[in-house]
Structure formats: C-alpha cells, structure tokens
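Colleague: I am new to reading protein models. Could you take me through one, feature by feature?

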Amino acid sequence: MELHDRAALISIDVQQGFDDPSWGPRNNPHMEAHGLQLLAAWRHSGRPLVIVRHDSPSPTSLLRPGQPGNALKPGFEPLAGEPLLTKSVNSAFIGTGLEARLHAAGVRQVVLFGIATDMCVSTTARMAANLGFDLVVVGDACHTWAQRAPDGTLFDSDTMHRVHLATLATEFGRVVDTADVLRALAAQAA
C-alpha cells in the first residue's frame with residue numbers, strides 16, 4: 001500500500017455509546033485494538049490526524065451531548081493540538097469544516113477507520129472519494145451490527161461489514177488492513 005506524504009488519518013465516532021447492548025451483536029471484536037495501533041503509529045509519523053465525534057440531535061440517542069455514551073472510548077480522545085470535529089449527520093464532511101481543514105493542510109489522501117462500517121464510515125468514505133481525495137478504508141479497524149432489510153431479511157453484522165467494504169473497494173477507493181498501514185508507515189520511516 002502506498003501512503004502519500006500528506007495523508008491524514010480520520011477516526012470516526014469511536015464512542016462509548018456504541019458499547020450499549022441495545023445495538024445487538026457486532027462484528028470485529030478487534031476493532032478498538034486495531035484503531036489504537038493506527039493512532040499510535042500515525043502520531044509517531046507526524047502526519048495529520050482528525051478525530052470525529054457524533055453529537056446526535058435526537059433526545060433519546062446514546063450519542064447525544066451530555067450523555068455518557070457521547071464520550072469517545074478511552075485512547076481515542078484527541079491529544080493536545082489534535083482537532084476534534086463534531087457532526088450530527090452520517091458524513092464527517094457535513095457541517096464540520098473537514099474538507100477545508102484537509103485542503104489547508106495539503107492533504108490528498110484520507111485513511112479512515114471507526115464506527116459503523118455501513119453508516120458513518122461508509123458515508124464519509126464515499127464523500128471523500130467524491131470530493132477528490134484518494135481514499136483508504138482500514139477495514140479491520142471498523143465494525144458494525146446486523147441490519148434488517150425492508151423485506152424482513154436479517155443480515156448479520158459480518159455480512160453487513162464485508163458487503164459495505166466490498167462496495168467501497170469496488171467504486172470508491174482501497175480497503176486495507178491495519179497491518180498494511182503499519183507496514184507502509186514503517187517503510188516510509190526507514
């Protein structure tokens with residue numbers, strides 16, 4: 001995998017509210033461990049990094065500001081000087097200034113991970129590609145839940161995850177694993 005010199009890592013909605021059992025069983029129990037590895041290596045590389053948090057406007061949402069579930073999971077909070085962008089819709093590009101921030105930093109490539117594969121990660125990824133960024137999604141650093149189709153068919157969480165990554169890889173950018181990103185960062189540091 002090739003990383004641009006000015007690639008930016010974007011962590012999407014790694015929030016405590018997503019641990020609530022009401023979401024049902026999720027796929028990829030290693031998502032957080034992979035995300036923490038990405039953050040550590042990326043910070044070490046000195047490349048731009050953006051943390052995104054979903055601030056739901058719904059009064060019943062676990063992700064509403066002021067609720068414990070709105071908080072980022074431990075280790076996913078921004079460090080001093082790192083931007084935290086808040087959004088209230090699926091895409092991290094809507095109402096956040098993300099696109100302008102990336103252009104101002106000379107970013108041409110975005111590397112995304114987070115929650116949920118089929119919702120905010122996919123929406124942000126699609127918009128990134130449509131806006132002209134070279135898109136990379138770190139598939140094993142994302143997770144999602146089962147979804148029911150309009151006809152009542154239940155698609156398990158792993159199927160949802162894999163199908164959305166397949167679509168992103170077919171039409172919008174590249175899907176890689178954490179190990180691919182870590183190898184690319186190490187190779188460029190050497």
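Modeller: Start with burial. A residue is called buried when its relative accessible area is under 20%. This is a predicted model. Take Cys120: its relative accessibility is 8%, so Cys120 counts as buried.

Colleague: Is Cys142 buried or exposed?

Modeller: Cys142 counts as buried, because its relative accessibility is 0%.

Colleague: How many disulfides are there?

Modeller: First the idea. A disulfide is a covalent bond between the sulfur atoms of two cysteines. The two sulfur atoms must lie within 2.5 Å. Here the count is zero. The cysteine sulfur closest to that of Cys120 is in Cys142, 11 Å away, so the distance is too far for a bond. Cys142 is likewise in no disulfide.

Colleague: Let us turn to helices. Which residues of helix H3 are buried?

Modeller: An α-helix has 3.6 residues a turn, so residues three or four places apart point the same way. Helix H3 spans residues 117-130. Its buried residues are Thr117, Asp118, Cys120, Val121, Ser122, Thr124, Ala125 and Ala128.

Colleague: What covers the buried residues of H3?

Modeller: The cover includes strands E1 (8-12), E3 (84-87), E4 (109-115), E5 (134-143) and E6 (147-148). Helix H4 (157-171) is also part of that cover. After H3 comes Gly132, with a positive phi near 100°.

Colleague: Which residues other than glycine have a positive phi?

Modeller: Most residues other than glycine have a negative phi, and most peptide bonds are trans. Asp13 is one case with a positive phi, near 55°. Asp13 sits in the loop between E1 and helix H1 (31-45). Its relative accessible area is 0%, so Asp13 is buried. Asn28 is another case, with phi near 50°. Asn28 is also in the loop between E1 and H1. Asn28 is buried, because its relative accessible area is 14%.

Colleague: Where is a cis peptide bond?

Modeller: Look between Ile115 and Ala116, where omega is about -5°. Ala116 is in the loop between E4 and H3.

Colleague: What lines the largest pocket?

Modeller: Rolling a probe the size of a water molecule over the atoms shows where empty space is left. The largest pocket here has a volume of about 170 Å³. Its lining includes Phe18, Trp23, His54, Ala116, Cys120 and Trp145. H3 gives the largest share of the lining, three residues.

Colleague: Which residues touch the most other members of the largest nonpolar core?

Modeller: They are Ile10, Trp42, Leu102, Val110 and Phe113, in a core of 50 residues. E5 supplies the largest share of this core, six residues.

Colleague: What does the UniProt annotation cover?

Modeller: The unreviewed UniProt entry carries the annotation "domain: Isochorismatase-like" for residues 7-180. In the model, that span is 31% helix and 22% strand. The C-alpha atoms at its ends lie 15 Å apart.

Technical notes
Residues numbered from 1 in each chain as written. Predicted model: local features only at pLDDT ≥ 70, side-chain atom pairs only at ≥ 80, totals over all residues. Heavy atoms only, no water. UniProt positions renumbered as here; feature names shortened; annotations may be inferred. Helix = DSSP H or I, 4+ residues; strand = E, 2+ residues; numbered from the N terminus. Buried < 20%, exposed > 50% of the residue type's maximum accessible area, 1.4 Å probe, protein only. Contact = heavy atoms within 4.5 Å. Core = buried A, V, L, I, M, F, W, Y, C linked by side-chain atoms within 4.5 Å. 1 Å grid on protein atoms, 1.4 Å probe; cavity = no way out; pocket = protein on both sides within 12 Å on 5 of 7 lines; lining within 4 Å. Points joined across faces, edges and corners; volume = space filled by probe spheres on them.
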